[in-house]
Amino acid sequence: MTGDRFLLIKSWGCGFWSDVDHVMGQLLAAELTNRIPVVYWGSNSLYSESFTGNAFELYFEPVSNFTLDDLARPGFTYYPTIWNDKNLKVEDLDKVAWAYRNLGDMMMSDANVVVSDTHYFVRPLIPFIPKTHWAYGMTAHQIYRCLFDKYIRLKPDIQQEIQEFYDEFMKDEKPLLGVHMRGGDKVKEVENLSHLNNKYYKTIDEFVRRYDIRKILLLTDCEEILEEFKKRYGKMLIFTDAKRGHLSDTKNAPHLTSYSEKRRKGIEIIKDTYLASMCEFFIGNGYSNVSYTVKRLRDWPEENIVLFYRDLKHERKLARKRVKEDRIRRKLEEIRHRKEYPEFYGGVNTYADEPVSADKITG
């Protein structure tokens, strides 16, 4: 890699491990395009403590020896062209339009600095992998595993906190079963989440009987789920001291709320995730980045880990429902548009100012 080709990986601005997932994909992109990666989570990160600091480095060691300041050089070229040496810390509020963020164009760019602030998974990058690269022939999951091992290093105090909890509550209680069950804002992402969550208990009980599980480590963002597990599993249950919301409170999920110490929000997520990866068995949500990160942090025997998904019949039913809802939404949008802009449909815009005659304009 030369010192004039960089990939700036900005925050995607979503959940913690979703942002890390974005980083993973772009670290692979940096390798494939012979660029030096620099990760900078700015003010749009949900885990930032200030408008000027790099939130990524609150939790992880840098992925290279370069910083954002090294990329802000007069004379450097940038892609997309909205960026320059003066505005790299600013967030592009228009990025949701994905303008100038085509993956192929980003990969082929000759600019000194390519800026990535939109999320591409590892999978669409696979066609760009040459035979000479270490990831050639690997599955997306295998690539994630290698990228985590290669680049992700926790800050020492976070690593110490994880180890202290493990030593006190888990070390002498093997075999351990980690369980991740979501609620809160996840009900917006996963339709009929309660149906998915109801699958857990039968599988948990099977694991307890089959593998003689001594303790269950619960990861959850919801108080009601925690209380239900306490009733079912009593003294078998282990859980960390983390902020939790209510089961269907989509607006006040912990990761969306403010903490008095904002760094704590990220630490709680990291701590639970890494502790779950230290269990012998794991049951999680196949639509959650937390559960997927647990899977990516170690090599699990296939029979030791279960991620729940909806069955194909259910997926098809929900797909038909989404198509119907989208058709209704479009119809309502058309009705609204006709009312607000009747001139486009042969009518008169009653909201417009009274037409001004040419005589009035010319005096």
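**Notebook: contacts, sheet and salt bridges in a predicted model**

I began with the contacts: residues 24 or more positions apart account for 66% of the contacts in the protein chain with a separation of 6 or more, a contact meaning heavy atoms within 4.5 Å.

I noted that this is a predicted model, in which local features need pLDDT of at least 70, side-chain atom pairs count only at pLDDT 80 or more, and totals for chains, interfaces and linings use all residues. Residues are numbered from 1 along each chain as its sequence is written, and side-chain values use heavy atoms, with hydrogens and water left out.

**Entry: overall make-up**

I looked up the secondary structure and found 14 helices and nine strands in the protein chain. Helices (H or I, at least four residues) and strands (E, at least two) are DSSP runs, numbered from the N terminus. Of the 363 residues, 47% are buried; buried is under 20% relative accessible area, exposed over 50%, and partly exposed in between (1.4 Å probe, protein chains only). I read off an accessible surface of about 19300 Å², with 52% of this belonging to carbon and sulfur atoms. The areas come from the Shrake-Rupley method with a 1.4 Å probe, and for residues only the protein chains shown count as cover.

**Entry: strands**

I traced an open sheet of four strands in the order E2-E1-E4-E3, with parallel pairing. Its edge strands are E2 (36-40) and E3 (78-79), each pairing on one side only. Two strands pair if DSSP finds at least two bridges between them. E1 (residues 6-10) and E2 run parallel and are joined by five bridges; Ile9 has Val39 in E2 as its bridge partner.

I then went to E8 (residues 281-285) and E9 (residues 305-308), which are parallel and joined by four bridges. Phe282 stands opposite Ile305 in E9. With helix H12 (residues 289-296), E8 and E9 make a right-handed β-α-β unit. Right-handed means that, with the strands pointing away from the viewer, the path from the first strand over the helix to the second runs clockwise.

Which residues does Ser18 touch, leaving aside its neighbours within four places in sequence? I found Trp12, His119 and Asn289. Ser18 lies in helix H1 (residues 16-32) and is buried, at 12% relative accessible area.

I counted 16 salt bridges, each a side-chain nitrogen of Lys or Arg within 4 Å of a carboxyl oxygen of Asp or Glu. One joins the side chains of Asp21 and Arg296 (2.9 Å, N to O). This pair links distant parts of the chain, with Asp21 in helix H1 and Arg296 in helix H12, 275 residues apart. Asp21 is buried at 2%, and Arg296 is buried at 9%.

Glu31 forms a salt bridge with Lys150, the closest N and O atoms being 2.7 Å apart. Here Lys150 is in helix H5 (residues 140-151) and Glu31 in helix H1, 119 residues apart. I found Lys150 partly exposed at 47%, whereas Glu31 is buried at 14%.

**Entry: other side chains**

Glu228 and Arg232 form a salt bridge, with their closest N and O atoms 2.7 Å apart. They are four residues apart in helix H10 (residues 223-233), so about one helical turn separates them. I also noted a network of salt bridges linking Asp92, Arg101 and Asp117.
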